[in-house]
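Morning, everyone. I'll take the sheet, then the disulfide, then a pocket. Please have a look at the model first.

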Amino acid sequence: MICENQTRVTEFIFLSFTNNPEMQVALFVLFLVIYTVTLLGNFLIVTVTGVDPALQTPMYFFLRNLSLLEVCFTLVMVPKMLVDLLSRRKIISFVGCGTQMYFFFFFGSSECFLLSMMAYDRFVAICNPLRYSVIMNKSLCLWMAVGSWMSGVPVSMLQTAWMMALPFCGPNTVDHFFCDGPPVLKLVTQDTTTYEMQALASTLLFIMFPFSLILVSYSRIITTILRMPSATGRQKAFSTCSSHLIVVSLFYGTASLTYLRPKSNQSPESKKLMSLSYTVITPMLNPIIYSLRNNEVKGAVKRTFTRKVLQKLDVV
């Protein structure tokens, strides 16, 4: 459909969170601190799991990929959001909106599949420990990681190309803080039923299918743990999964509440809050969860910093 007698939209305006200047500055400081903690925490995980010999295992290989993914995921939205909080006009070009939407879908879908690969890793480690090193070899881990990253390509290309090809001939105000699918779709000036059906199918596939794999893995894991005769063994086995379970619950819980709830039950304000939780808060919490609940990571952090300090002393 061509925009007859109307100009096609060339830019979008975000409504963001508030029009109060003082509140905008306060939110800017808050989100800047959160973003700084997110970057430092995830880069710390990447560094420590990359250099510490004790963490050269499949579990920490996937954790390193998760941290890299979180950095990329937040990079898509948070810097632009911070700039907008200090700007009078919170605008983004049509092409910029499509680009942001593409990478949001890409990294979001990739994270869903990466979390399911991490669940499979824990399943093999607990349910088949004697063959763990054989099954989870370097080649398989590499292909699982590559597959997780690339799984976001089909859905992001389909969703974004289809969305941006729709006619945007009227209003250009997006009641959100980034170019997410549902808020932008409201501005389309034709019937979007077909696109919405496709979007729902894609959401179910790329959110619920990996989540189903996680459920199957953990149902087997829990069954195996409950059969262990030793209480110490059960506690140790569960402790290796607890951090991943918390991360999965945070990510899938907020994403499901955002995209799988009926439209009538969602206000723009609640949608923004839910989006904040999985785009800004969860990426900050993930390295904290894995650091505080994992003695191996805490020990590796101490060894890494000790090594760096000793190297500097040797130089002096």
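Strand β1, residues 11–14, is joined to β3 by two bridges, and the two run parallel. Strands here are DSSP runs of E, at least two residues; helices are runs of H or I, at least four residues, and both are numbered from the N terminus. Pairing of two strands takes at least two DSSP bridges between them. Opposite Phe-14 stands Val-174 in β3.

A word on the source: this is a predicted model, where local features need pLDDT of at least 70, side-chain atom pairs count only at pLDDT 80 or more, and totals for chains, interfaces and linings use all residues. Numbering starts from 1 along each chain as its sequence is written, and side-chain values use heavy atoms, with hydrogens and water left out.

Back to the sheet. It is open, three strands, order β2-β1-β3, with mixed pairing. β2 (91–93) and β3 (173–174) are the edge strands, each pairing on one side only. Across β1 and β2 lies α3, at about 90° to β2. That angle is taken between N-to-C directions, on a scale from 0 to 180 degrees, with axes fitted to C-alpha atoms, for helices over the stretch in contact. Contact means heavy atoms within 4.5 Å.

Next, the disulfide. The criterion is two cysteine sulfur atoms within 2.5 Å, and the count is one. Cys-97 and Cys-179 form it, sulfurs 2.1 Å apart. What does the pair tie together? Cys-97 is in helix α3 and Cys-179 in the loop between β3 and α7 (181–185), so the link ties parts 82 residues apart in sequence. The link of Cys-97 and Cys-179 is left-handed, at -125° about the S-S bond.

Last, the second largest pocket. Its lining has 23 residues, with Met-59, Arg-122, Lys-236, Thr-240 and Glu-296 nearest the centre. A pocket is an open set of points on a 1 Å grid over the protein atoms alone, where a 1.4 Å probe fits, with protein on both sides within 12 Å along at least five of seven lines; lining residues have an atom within 4 Å of a point. α9 gives the largest share of the lining, six residues.
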